[in-house]
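Subject: Structure handover

Hello,

Here is the structure I said I would pass on. My notes on the helix packing and the sheet follow below it.

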Amino acid sequence: MPTQEEYQEGLDNLARHHWEVDLVITHTCPTSTVTSLKEALGTPVEADELSDYLEHIQQRLTYRSWYFGHFHHDLLLPKNLRLIYHDVEKIGRD
């Protein structure tokens with residue numbers, strides 16, 4: 001888990017970029033997505049401090065795509081979130 005200083009550094013970096021990025025790549029996902037996936041996939045994973053932090057970020061952030069893999073499945077989700085495990089997806093500009 002990140003330290004409080006690392007959480008703050010992330011928020012400071014996003015603020016410096018006006019809360020706008022192209023891509024987000026994280027291990028886990030925002031709390032609202034953890035809750036949805038827990039029900040849909042029957043996973044025992046619970047929301048925690050990190051997913052709450054990511055929820056806060058998602059509510060403020062403008063992004064094109066968000067990738068994460070913690071749940072070991074491949075799913076395209078609302079809000080341009082992508083749970084990725086076996087799939088390979090090209091990111092970046094052509």
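Contact here means heavy atoms within 4.5 Å. Axes are lines fitted to C-alpha atoms, for helices over the stretch in contact, and angles run from 0 to 180 degrees between N-to-C directions. Helices (H or I, at least four residues) and strands (E, at least two) are DSSP runs, numbered from the N terminus. With those terms, α2 lies across β2, β3 and β4 and runs at about 135° to β3.

Two notes on the source. This is a predicted model, in which local features need pLDDT of at least 70 and side-chain atom pairs count only at pLDDT 80 or more, while totals for chains, interfaces and linings use all residues. Residues are numbered from 1 along each chain as its sequence is written, and side-chain values use heavy atoms, with hydrogens and water left out.

Helix α2

Buried means under 20% relative accessible area and exposed over 50%, with partly exposed in between (1.4 Å probe, protein chains only). Helix α2 covers residues 31–41, and its buried residues are T31, T33, V34 and L37. Seen down the helix axis, these fall within an arc of 155°, so they line one face of α2; the arc is that of the directions from the helix axis to the C-beta atoms. E39 and A40, on the other side of α2, are exposed. The cover over the buried residues includes α3 (49–60), β2 (65–68), β3 (75–77) and β4 (81–83). After α2 comes G42, with a positive phi near 70°.

Packing of α2 on α3

The axes of α2 and α3 are 7 Å apart, and the two helices pack at an angle of about 120°. From α2, T31, S32 and V34 meet S51, D52, E55 and Q58 of α3. The residues of this contact divide into one nonpolar, four polar and two charged (Ala, Val, Leu, Ile, Met, Phe, Trp, Tyr, Cys and Pro count as nonpolar, Asp, Glu, Lys and Arg as charged, and the others, Gly among them, as polar).

The sheet and S65

Four strands form an open sheet of mixed pairing, in the order β1-β2-β4-β3. Its edge strands, β1 (23–25) and β3, each pair on one side only. From one strand to the next the twist averages 20°. Two strands pair if DSSP finds at least two bridges between them; β1 and β2 have three, in the parallel sense.

One of those partners is S65 in β2, bridged to L23. S65 has 14% relative accessibility and therefore counts as buried. Leaving aside neighbours within four places in sequence, S65 is in contact with D22, L23, V24 and N80.

Regards
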